[in-house]
Amino acid sequence: MMPITENVGDSWQGIEKSFHAGKMAHAYIVEGSSFQAAETFARRMLQLIFCQRDDVPCQACSSCIAVDEGKHVDALFLEPGSKSRQIVVADVEELIARMNHTSFQGGWKAAVVLHADRLQQSAENKLLKILEEPPSQSLLLLVTDNKQALLPTIKSRCLHVFSKENASRDLLDIRNAFGIFPPTSGQEAEMLTQIIGSSLFEVISLREEAIKAELEAEIELSKEVLEARLSSDRKLIRESAVTQLLRWLHDVLLVKSGPTQKDLYFIDRVDQLRGIANRYSADDILMMLRDIENLKQRLDTNLPEQLVFENVFRKMIR
Ligand SMILES: [Zn+2]
């Protein structure tokens, strides 16, 4: 019998507690402040059940690493096909077969459905089967940023978790700047710097407010601890901007090098990527990738963030 819908809340602690008490549910809908946050949360849940150490998840043992790389033998990942952009019945049949099979390592077996809102309705109906009769020691995670799109019968058979983990990092979304990245003029370089600068500022001041509130509430943490946390947050938030720029260029290069769309981060923006890829040589793109990679170190110096970003953007104008 699956539990009725209940909100586990935002807490990782809630998940850990039920795991250690041996009361993990068989199926969860995992949402997040962003899809990425939800996916990260789902991976941590897998690490929790597969980790080989005592202090789980250690995130360092071979099982934890395999989960991170999506290569764990007892964890199946499903995601929408690149052509149909949907998860079809055959995918779910594979999932059910794997879940009903004995696990390779003799313990848990898990399946993660990424973008579960893109399950075809027939595939969703099929999935109900395993929700109604879940195999023992099995875990099914439906990761989505659009829970509403799931069938009510699916929703009612899963526990819901919402991840606010790393919210500071996930709040930062610079995708709206990709239209002018790489920039083609000084004006665009400037605009790009402004967009990134104001997103950074926004996210960082939100964190500052949250931390001030914690201080005012006189939570046991000392001022030093909170300040250290803020400064490490700041670094992570900046790095997240750099990571997104790197991923965008990665995609440009991939689109340039062939028709494969398999490993694209921004599969929904293939046309735009292709337009950019046509403007540059592969060498140009590689050089830009290197410049953005170097950004991380340069941001750790005492130079103002804006200046560091703008300099590297200006360098990209061809
Ligand atoms: Zn581990």
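**Exercise 1. The zinc site**

Task: Determine whether C51 and C64 are buried or exposed, and describe the site of the zinc ion to which they belong.

Solution. C51 and C64 are both buried. The structure is a predicted model, and the descriptions below refer to that model.

Step 1. Identify the donors. The zinc ion has the protein donors C51, C58, C61 and C64, each through its SG atom. These atoms lie 2.2 to 2.4 Å from the ion.

Step 2. Read the spacing along the chain. The donor residues follow the pattern C-x6-C-x2-C-x2-C. The pair C51 and C64 links distant parts of the chain, 13 residues apart. C51 belongs to the loop between α2 (35-50) and α3 (62-68), whereas C64 is in helix α3.

Step 3. Assign the geometry. Four donors count as tetrahedral if all angles lie between 85 and 135 degrees. The angles among the 4 donor atoms here are 102 to 118°, and the site is tetrahedral. For reference, the ideal angle for four tetrahedral donors is 109.5 degrees.

**Exercise 2. Two helices in contact**

Task: State how helix α9 and helix α10 cross, and which residues make the contact.

Solution. 

Step 1. A pair of packed helices is described by the angle between their axes and the distance between the axes. Helix α9 covers residues 223-257 and helix α10 covers residues 270-279. Their axes come within 8 Å and cross at roughly 75°.

Step 2. On the α9 side, the contact is made by W248, D251, V252, V255 and K256. On the α10 side, Q272, L273, R274, I276, A277 and N278 take part.

Step 3. Sorted by class, this contact comprises 6 nonpolar, 2 polar and 3 charged residues.

**Exercise 3. Backbone features in loops**

Task: Identify which peptide bond is cis, and state where H115 and Q137 lie.

Solution. 

Step 1. The peptide bond from F181 to P182 is cis, with omega near 0°. P182 is located in the loop between α7 (167-170) and α8 (186-216).

Step 2. H115 has a phi near 55°, a positive value in a residue other than glycine. The loop that holds H115 runs between β4 (109-114) and α5 (121-132). H115 has a relative accessible area of 19% and is buried, since the cut-off for buried is under 20%.

Step 3. Q137 also has a positive phi, near 50°, and is a residue other than glycine. Q137 lies in the loop between α5 and β5 (138-143). With a relative accessible area of 38%, Q137 is partly exposed.

**Exercise 4. Separation in sequence and in space**

Solution. 

Step 1. Q187 has a relative accessibility of 61% and counts as exposed. S198 has a relative accessible area of 39% and is partly exposed.

Step 2. A110 and S163 are 53 residues apart along the chain, with a C-alpha separation of 19 Å. E79 and E190 are 111 residues apart in sequence and 37 Å apart in space, C-alpha to C-alpha.

Technical notes
Residues numbered from 1 in each chain as written. Predicted model: local features only at pLDDT ≥ 70, side-chain atom pairs only at ≥ 80, totals over all residues. Heavy atoms only, no water. Axes fitted to C-alpha atoms, helices over the stretch in contact; angles between N-to-C directions. Helix = DSSP H or I, 4+ residues; strand = E, 2+ residues; numbered from the N terminus. Contact = heavy atoms within 4.5 Å. Nonpolar A, V, L, I, M, F, W, Y, C, P; charged D, E, K, R; others polar. Donors = N, O, S within 2.8 Å, 3.2 Å for Na, K, Ca; no water. Tetrahedral: all angles 85-135°; square planar, octahedral: opposite > 155°, others 65-115°. Buried < 20%, exposed > 50% of the residue type's maximum accessible area, 1.4 Å probe, protein only.
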